[in-house]
Number of protein chains: 2
Amino acid sequence: MNAQNKKITKRDEDFAAWYTDIVHAARLCAYSSVKGCTVMEPNGYAIWEKMQQILDKKFKELGHVNVAMPLLIPENMLKKEGELVNGFAPEVAWVTHGGSKKLEERLCIRPTSETMFSDYYATHVRSYKDLPCLFNQWCSVLRWEKETRPFLRSREIFWQEGHTIHATKKEAEEETKRMMDVYKWFHHEILAIPSITGMKTEKEKFAGAEYTLTNEALMYNGVALQAGTSHYFGQKFSEAYNIKFANKDNKEEYAYQTSWGTSNRMIGGLIMVHSDDYGLVLPPRIAPKQVVIVPIGSDDMVYDLSNKIKDELNKNDITCYIDLTDKSPGFKFAEAEVNGIPVRIEIGARDLKDNKVTIARRDTREKMVVDSNIDYVKYVSNLLDTIQKDMYNRALKRRDELTFEATNLKEMEDILNKQPGFIKADWCGKKECEEKIKEIKGCKSRCITDDSFITGKCVCCGKNAKHNVIWGIQY
Amino acid sequence: MNAQNKKITKRDEDFAAWYTDIVHAARLCAYSSVKGCTVMEPNGYAIWEKMQQILDKKFKELGHVNVAMPLLIPENMLKKEGELVNGFAPEVAWVTHGGSKKLEERLCIRPTSETMFSDYYATHVRSYKDLPCLFNQWCSVLRWEKETRPFLRSREIFWQEGHTIHATKKEAEEETKRMMDVYKWFHHEILAIPSITGMKTEKEKFAGAEYTLTNEALMYNGVALQAGTSHYFGQKFSEAYNIKFANKDNKEEYAYQTSWGTSNRMIGGLIMVHSDDYGLVLPPRIAPKQVVIVPIGSDDMVYDLSNKIKDELNKNDITCYIDLTDKSPGFKFAEAEVNGIPVRIEIGARDLKDNKVTIARRDTREKMVVDSNIDYVKYVSNLLDTIQKDMYNRALKRRDELTFEATNLKEMEDILNKQPGFIKADWCGKKECEEKIKEIKGCKSRCITDDSFITGKCVCCGKNAKHNVIWGIQY
């Protein structure tokens, strides 16, 4: 099972091959015998679990509660909201038989759960006193994708989907914004990914939404990854699914809805922003295991100190383990590197006699020789903070280096031919211009920013601009 | 959304109606527009989350790791293990179309995941060094049940399924036993349910297992609930899916497997063992909210003390909240009762002037007037322990009262006609006798115990007994 032995393609030689090599070498995800579906292996699932823990805690602090809606949606229910069904019907999996019997009505496996939440709210919301409902669910959804890539595009997607319902437009819009802020916080503070956020254009918004806010990250190769969206639905679903409530004046009104989600594709983002030719590199705050101790030799002193450090760190909420397998120290070092353990402590008998211990950080691969009597909790805790900060800053520098400006289509094309990235450009707001830009290597609007205009003229048609937009090629 | 107003049927009048009333009044679960599928509402999901937390922690302490296997299983893969497919094929949901295209091979939604874990192990296990793999997954599975009841029998089941693979028979059998011990511990120590454990008969074991260990709980009405099973597969799946490894002597050998699972039907068990005519009663160790404070009146003193108690309790890992809604105190008391909050603290301005506070326990509905200056952490913590212990002892007493002995079929029939329960009876080991016993109101063997014989003669045919068995009617 030691995929570690496999050579990793160089990142600058073949980014796509490098990505797949990292996924397999760090044993994050494996192919299965089911086309388009993968297995999240222990190392990958542990990252997803930590993502879930941190986000779930934040959701709950903001008053959200978890629920579980049915996996299957009857065809007629899915069809109630026209835009949603148009957006998803071509890519759902249909259940037609239960046991040996053909079903009277076919059911799809949820591609997203607006339908089921709306169905529930329609039955349970009666009065403004029942509002808001701040519901979320952790589950998997299915989309019949043709081309798939581990974590980035898969038939089965692991995610959370928040679905909230409110008595007023104002409150629902605040929720839409607030949850986008959570995703931004999560990327910046936890994943060390300096994402940008803004509004999707009409063309790129979620099917059925009034508007969509999006969190956009830039990968090392300059390709964008959408990682978290928050939708304001207004009363569209309430009208389609008949969700009415008596307001404070005892008048019937349609309720206001939002939905927001992030998925395990963030693991793909983590890899493509931070990792290197030696394997996975994880920001300390999302690393399931933060510190590995590698004892060298069989001296009691070595094991006593290893255990002492491990206990102290674990007691102080730093996850630490000792690698006690019968592999060679060199193999253990390489394995810890491939797996992206942020800090490695090497303890050898000879060094210890000189009161010396070696500490290595994964991100820069620097080795520090320290006095074996240091305060390990303080030292490691500071080091983890430094790594987290440095990783963010390196990603920010890379993002800034790969953020360009364009004032006409020729410039856009030149940039994309040379080195893709985020491209800032003004836009008139017309779909035709957006479609014309897409003809350049599939470049799409990532989001409308609040930034000021560059020239004030549309990058495509040259007419007066309505928005400053970030464009880019996407996964 | 206040289903609380609904009258609850008396438990002794109509147990089935009472059960459904509790489920809805405590807002644990709601019907959905999808036949046979329910919505786990926030109160129900919170209990499931706490079950997951406690079990997951225990699994990890024992070295298990979580993974995620695909939701869909191709038909030809499911068919590889003959007994498994015979056991499950009649009740799976079949996906036949992806988008608008008919699939070349239909896929079923997993009814259980032996197939997918075996497929993974077949590709990834090469040497004894790769073993054991102690994998678990939290997910939902689908079985096309005709009759459904909230938490007890549902098309979609939320559960965990552990699937482990080992180099030796001994180790795999130890794992099978060890995980059954975990389920027993969880029922006795956390759910306050004095379950019994033992081996299933050949007829009742899991399709494809060499043997099945089971955890059996007895409901208040004397009907049994299977709540947790642990299967030893030996090499059966390894042979069917070709999972070979090189052992220490470098000889190829088929690996040894186990699987074990518990589901959200345990919530049904909690209700049917502990609850009463006033609503849900939850053992403190599984209650998502352990203490509610109801402030009465608008005096500052009342709110100051409420906040002080809440903060102190929460700081000491006792989950406590203040009911600040604008309902009447009486309504709040009733709501806390219906929802099964183990301890309620009532703080009123008038009482407080006399240094008095009222504390009520949910299980016995006793009210204690205490000095308002007590050490609340100590008092409440002791009270929660007492409630937990008392609930276990009451359930144990009920179980013992409803445990009978039978030496012939006539006695068995008389017992089941009068009051069902666990029936201990000796058995010759023959399937024909087991089938004859089943004719009495569907009475099935629950498990083979290690207890000594009653008469040494089979309760059915009168021939020499091989086992002492617990029998009963089941959900």
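Domain bounds come from an automatic or database domain assignment, and the legends below use them for a predicted model.

**Figure 1. Chain A is laid out as three domains.** Let us start with the whole chain. Domain 1 of chain A covers residues 3-274, domain 2 covers 291-386 and domain 3 covers 403-472. How far apart are the centres of domain 2 and domain 3 of chain A? Taken over C-alpha atoms, these two centres are separated by 49 Å.

**Figure 2. Chains A and B each bring 45 residues to their contact.** On the side of chain A that touches chain B, the elements giving two or more residues include the helices α2 (42-61) and α5 (114-124), along with strands such as β2 (38-40), β7 (133-142) and β8 of chain A. Which element gives the largest share of this side? That is β5(A), with six residues. Sorted by class, this side of chain A has 28 nonpolar, ten polar and seven charged residues.

**Figure 3. Strand β5(A) pairs with β5(B) across the two chains.** Here is a closer look at the strands where the chains meet. Residues 93-98 of chain B form β5(B), and five bridges join this strand to β5(A). The two strands run antiparallel. A handy pair to pick out is Trp94(A), which stands opposite His97(B) in β5(B).

**Figure 4. Strand β14 of chain A is covered on both faces.** This strand spans residues 256-263, and eight of its eight residues are buried. One side carries Tyr256(A), Thr258(A), Trp260(A) and Thr262(A), while the other carries Gln257(A), Ser259(A), Gly261(A) and Ser263(A). Strand β8 of chain A (residues 156-166) pairs with β14(A) in the antiparallel sense over eight bridges, and Thr164(A) stands opposite Thr258(A). Strand β11 of chain A (residues 224-234) also runs antiparallel to β14(A), joined by five bridges, with Gly234(A) opposite Gln257(A).

**Figure 5. Val291(A) sits in the largest nonpolar core.** In soluble globular proteins, nonpolar side chains tend to be buried together. The largest nonpolar core of this model has 283 residues, and those with the most contacts inside it are Val291(A) and Val291(B). Which residues does Val291(A) touch, not counting residues up to four places away in sequence? They are Leu313(A), Ile318(A), Cys320(A), Ile341(A), Val343(A), Ile345(A) and Val380(A).

**Figure 6. Lys205(B) lies in the loop between β9 and β10 of chain B.** Leaving aside neighbours within four places in sequence, Lys205(B) is in contact with Lys200(B), Tyr211(B) and Thr212(B). Ten residues along the chain is Asn215(B), and 13 Å separate its C-alpha atom from that of Lys205(B).

Key: Residues are numbered from 1 along each chain as its sequence is written. Chains are lettered from A and ligands numbered from 1 in the order in which they are written. This is a predicted model: local features need pLDDT of at least 70, side-chain atom pairs count only at pLDDT 80 or more; totals for chains, interfaces and linings use all residues. A residue is buried if 20 or more other C-beta atoms lie within 10 Å of its own, exposed if 12 or fewer, and partly exposed in between; C-beta atoms are placed from the backbone. Helices (H or I, at least four residues) and strands (E, at least two) are DSSP runs, numbered from the N terminus. Two strands pair if DSSP finds at least two bridges between them. Two residues are in contact if their C-beta atoms, placed from the backbone, lie within 7 Å. Ala, Val, Leu, Ile, Met, Phe, Trp, Tyr, Cys and Pro count as nonpolar, Asp, Glu, Lys and Arg as charged, and the others, Gly among them, as polar. A nonpolar core is a set of buried Ala, Val, Leu, Ile, Met, Phe, Trp, Tyr and Cys residues joined through C-beta atoms within 7 Å.
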